[in-house]
Amino acid sequence: MLEPQEQEELTTVRVQDPRVQNEGSWNSYVDYKIFLHTNSKAFTAKTSCVRRRYREFVWLKKRLQKNAGLVPVPELPGKSTFFAGSTDEFIEKRRQGLQQFLEKVLQNVVLLSDSQLHLFLQSQLSIPEIEACVQGRGPLSVTDAILRYAMSNCGWVQEEDSHAALLAGGDFSSSSDGGIHLGKSSLEPLPHWSDVSLEDSQVESPDSEEEEHLPEGLLPVDTVTSTELVKEQ
């Protein structure tokens, strides 16, 4: 009698839909949608969709490297001050680089075991909230935070159902509405993260990242105007 073959674990991650936030203001920036679909047991939710900006990827890489020790962490697309091309071309090049970064990270079992990576990909918690959660200072555990977001995010994930065919043939334990089966039809209100005490000395915010020193009149490429990057004349 033949033993049933174990299902191959597959994970698809896509970085897409770049959007300019706070368009027209001095602190405008671009963030990207990260869509993940998997049947891997390593993930709490089998489908997730979040938005992250470049400086949050920078934070993630630093945290992964700190926890991984000698295990090399893939490189991010560079934060170049000068770029010969249009804004759209630069954003597309960065999007491709961010996707390649995540694809390589998810192929490494050591990096995949980092709970900060899972909160980055499968919750919309801010960086201080992620750090509070993994340190046990938040209202929820890592698993609970991801499951809460998965339940509240069903409508958003549903729009991606047509793309789930990339992993067709697998049983992803998802409901007909694109959500995750948790065995409950309703959940009690989610505790507010604002109720959590976050000490500035204990939380490394992405805003604390050292900014590049630029010549007068230039902006970092992570800050985008509504029409084009600021370029040297």
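Me: In E3, which residue is the bridge partner of Tyr-32?
Reply: The bridge partner of Tyr-32 in E3 is Arg-52. Please bear in mind that this is a predicted model.

Me: Over how many bridges do E2 and E3 pair?
Reply: E2 and E3 pair over 7 bridges, in the antiparallel sense.

Me: What is the order of the strands in the sheet?
Reply: The open sheet is formed by 3 strands in the order E1-E2-E3, with antiparallel pairing. E1 and E3 (47-53) are at the edges with a single partner strand each, so one side of each has no neighbour in the sheet. On average, neighbouring strands are turned by 20° against each other, direction ignored.

Me: Which strands does H1 lie across?
Reply: H1 lies across E2 and E3, and runs at about 105° to E3.

Me: Turning to the helices, at what angle do H1 and H5 pack?
Reply: Helix H1 (residues 54-68) packs against helix H5 (residues 127-134) at an angle of about 30°, and their axes are 11 Å apart. H1 is therefore roughly parallel to H5.

Me: And which residues meet there?
Reply: From H1, Glu-56, Trp-59 and Arg-63 meet Ile-127, Ile-130 and Glu-131 of H5. By class, this contact has 3 nonpolar, no polar and 3 charged residues.

Me: Now the core: which residues have the most contacts inside the largest nonpolar one?
Reply: They are Ile-34, Leu-102 and Leu-121, in a core of 39 residues. H2 gives the most to this core, with 7 residues.

Me: Leaving aside neighbours within four places in sequence, what is Leu-121 in contact with?
Reply: Its contacts include Ile-34, Phe-43, Val-50 and Leu-102.

Note on methods:
Residues are numbered from 1 along each chain as its sequence is written. This is a predicted model: local features need pLDDT of at least 70, side-chain atom pairs count only at pLDDT 80 or more; totals for chains, interfaces and linings use all residues. Side-chain values use heavy atoms; hydrogens and water are left out. Axes are lines fitted to C-alpha atoms, for helices over the stretch in contact, and angles run from 0 to 180 degrees between N-to-C directions. Helices (H or I, at least four residues) and strands (E, at least two) are DSSP runs, numbered from the N terminus. Angles under 35 degrees count as roughly parallel, over 145 as roughly antiparallel, 65 to 115 as roughly perpendicular and the rest as oblique. Contact means heavy atoms within 4.5 Å. Ala, Val, Leu, Ile, Met, Phe, Trp, Tyr, Cys and Pro count as nonpolar, Asp, Glu, Lys and Arg as charged, and the others, Gly among them, as polar. A nonpolar core is a set of buried Ala, Val, Leu, Ile, Met, Phe, Trp, Tyr and Cys residues joined through side-chain atoms within 4.5 Å. Buried means under 20% relative accessible area, exposed over 50%, partly exposed in between (1.4 Å probe, protein chains only). Two strands pair if DSSP finds at least two bridges between them.
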